[in-house]
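Visitor: Please take one part of this model and go through it closely. I would like its contacts, its pairings and its surroundings in one connected account.

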Amino acid sequence: EESEREDVLQHLEALRVRLDVAAEEQQRINQYQTLFKLRETKCEDLQDASDDVNLKLSLWRDRAEFDSLTDGWLSTPFDRLDVPGMEETVTRYHKSVFKMERGLLPNKLVPEF
């Protein structure tokens, strides 16, 4: 599972870079359109793809980080757990999962997280 996670993260990072390059190219084209007094072209699909990749990247990164945190919590004696810190962390991840549930198409990983 760890190698699968790394493969997915690498793939999503590569997509993120490609989308950033495409967004820069879109900005360059829009500057030329402004220069020639043309109507700027809006590329909503590019923004949608970027948002989707960002959410998926966040999902996979957060899942790896949360797994690591829970492993640490499970190996810590009960009387030494930082309960307020755990509550804060779980609340933060809960908000992330809620955002992902709204923004991503149904998939197997979101319900597990």
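Guide: Leaving aside neighbours within four places in sequence, Glu13 is in contact (heavy atoms within 4.5 Å) with Leu57 and Arg61. The C-alpha atoms of Glu13 and Leu57 are 7.4 Å apart, although 44 residues separate the two along the chain. Glu13 counts as partly exposed because its relative accessible area is 31%. On this scale, buried means under 20% relative accessible area, exposed means over 50%, and partly exposed is in between, with a 1.4 Å probe and protein chains only.

This is a predicted model, in which local features need pLDDT of at least 70 and side-chain atom pairs count only at pLDDT 80 or more, while totals for chains, interfaces and linings use all residues. Residues are numbered from 1 along each chain as its sequence is written, and side-chain values use heavy atoms, with hydrogens and water left out.

Glu13 sits in helix α1. Helices here are DSSP runs of H or I with at least four residues, strands are E runs of at least two, and both are numbered from the N terminus. Helix α1 has 34 residues. Its first and last C-alpha atoms are 50 Å apart, close to the 50 Å expected at 1.5 Å a residue. That expected span is 1.5 Å times one less than the number of residues.

Now the covered side of α1. Its buried residues are Arg5, Leu9, Leu12, Arg16, Leu19, Asn30 and Gln33. Helix α2 (44-75) is part of what covers them.

Arg16 deserves a stop. Its relative accessibility is 13%, so Arg16 counts as buried. Arg16 also forms a salt bridge with Asp20, with 2.6 Å between the closest N and O atoms. A salt bridge is a side-chain nitrogen of Lys or Arg within 4 Å of a carboxyl oxygen of Asp or Glu. Why are Arg16 and Asp20 about one helical turn apart? Because they are four residues apart in helix α1. Asp20 counts as partly exposed, at 35% relative accessibility.

The whole structure holds seven salt bridges. Another joins Arg92 and Glu65, with the closest N and O atoms 3.7 Å apart. Arg92 lies in helix α3 (residues 83-103) and Glu65 in α2, so this pair ties together parts that are 27 residues apart in sequence. Salt bridges with shared partners also link Arg5, Arg63 and Asp67 into one network.

Follow α1 to its end. Leu35 belongs to this helix, which covers residues 2-35. At 60% relative accessibility, Leu35 counts as exposed. Tyr32, Leu35, Phe36 and Leu38 make a nonpolar surface patch of about 480 Å². Patch residues have over 30% relative accessible area and no salt bridge; like charges are joined within 9 Å, nonpolar side chains (Val, Leu, Ile, Met, Phe, Trp, Tyr) within 5 Å. Areas come from the Shrake-Rupley method with a 1.4 Å probe, and for residues only the protein chains shown count as cover. Lys37 follows α1, with a positive phi near 55°.

Last, confidence. pLDDT is the predictor's confidence in each residue, from 0 to 100. Among the elements of the chain, α1 has the highest mean, 95. Helix α4 (residues 109-112) has the lowest, 64. Where pLDDT is low, predicted coordinates should not be read in detail.
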